[in-house]
Amino acid sequence: MTPLDPYPDRDAPDVTDVSYFSPLSLIRPPALLLDRMAEDGDYVVQRDYDLSLRIDGDVRVLTVPRGLITDLTSVPAPLRWVVGRVGPWLEAAIVHDYLYVAWRLIPGREPLARDRAFADLVMLRAMEAARVGALRRWIIYGAVRLFGGPAYRDRRGPIFADLDSRAFDTPIVIPAA
């Protein structure tokens, strides 16, 4: 099944009135901790996560699908004193993660600059809705505009975890050092 295309079909749409209407539920499965230990381990969206937004005056619902793999807020370790991986911007970061990979789910879709700009703008508006302070909000937005291009165009790595798989529940044993 091909998901609905979350991107508008024009450059520079007006995005307003972001509203969260389902809770964000994340889990941290042992199977995703092998390559990235400690606090940098990946998480998975446990249930569909919905928000509404107005795009060029039309209300739309954007759904972050269950199973999406996320690294929370992507912040290099030396800068986490300014913006941590978790905070009032987390929900916006998860939506942003989805919009950075959703193009990969649409047959024949290529990464378009306008779709990346839309993802970044939705993150900014979602942070406004979450009442993230203006300075921090603009620091985060500026960082994704300046440095997010390679992550957006990246075609590697899994996007989703199979939450129904028995292997998903298998504990990982880490040998003592």
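Student: Which residue forms a salt bridge with E110, and how far apart are the closest N and O atoms?

Tutor: In this predicted model, the partner of E110 is R155, and their closest N and O atoms are 2.4 Å apart. The pair links distant parts of the chain, since R155 sits in the segment after helix 4 (149–153) whereas E110 belongs to the loop between helix 1 and helix 2, 45 residues apart.

Student: Are R155 and E110 buried or partly exposed?

Tutor: R155 is partly exposed, with a relative accessible area of 48%, and E110 is also partly exposed, with a value of 42%.

Student: How many salt bridges does the structure hold?

Tutor: There are 10 salt bridges in the structure. One of them brings together the side chains of R109 and D5, at 2.5 Å from N to O, and this pair links the loop between helix 1 and helix 2, where R109 lies, with the segment before strand 1, where D5 lies, 104 residues apart.

Student: And is R109 buried or exposed?

Tutor: R109 counts as buried because its relative accessibility is 16%, under the 20% cut-off, whereas D5 is partly exposed at 32%.

Student: What does D17 pair with?

Tutor: The side chain of D17 meets that of R54 in a salt bridge of 2.9 Å, N to O. D17 lies in strand 1 and R54 in strand 4, so this pair ties together parts that are 37 residues apart in sequence. R54 counts as partly exposed, at 29% relative accessibility.

Student: Changing topic, which residues of the largest nonpolar core touch the most other members?

Tutor: That core has 40 residues, and those that touch the most other members are L53, L62, V64, V95, L99, F118 and M127. Several elements each supply at least two residues of the core, including strand 1 (15–20), strand 4 (49–55), helix 2 (113–129) and helix 3 (134–147). Helix 1 gives the most, with nine residues.

Student: What does V95 touch, leaving out residues up to four places away in sequence?

Tutor: With those set aside, V95 touches Y49, L51, L62, V64 and V122.

Student: What span should helix 1 have, at 1.5 Å a residue?

Tutor: The 12 residues of helix 1 should span 16 Å at 1.5 Å a residue, and its end C-alpha atoms are 17 Å apart, which agrees.

Methods
Residues numbered from 1 in each chain as written. Predicted model: local features only at pLDDT ≥ 70, side-chain atom pairs only at ≥ 80, totals over all residues. Heavy atoms only, no water. Core = buried A, V, L, I, M, F, W, Y, C linked by side-chain atoms within 4.5 Å. Buried < 20%, exposed > 50% of the residue type's maximum accessible area, 1.4 Å probe, protein only. Helix = DSSP H or I, 4+ residues; strand = E, 2+ residues; numbered from the N terminus. Contact = heavy atoms within 4.5 Å. Expected span 1.5 Å × (residues − 1). Salt bridge = Lys/Arg side-chain N within 4 Å of Asp/Glu carboxyl O.
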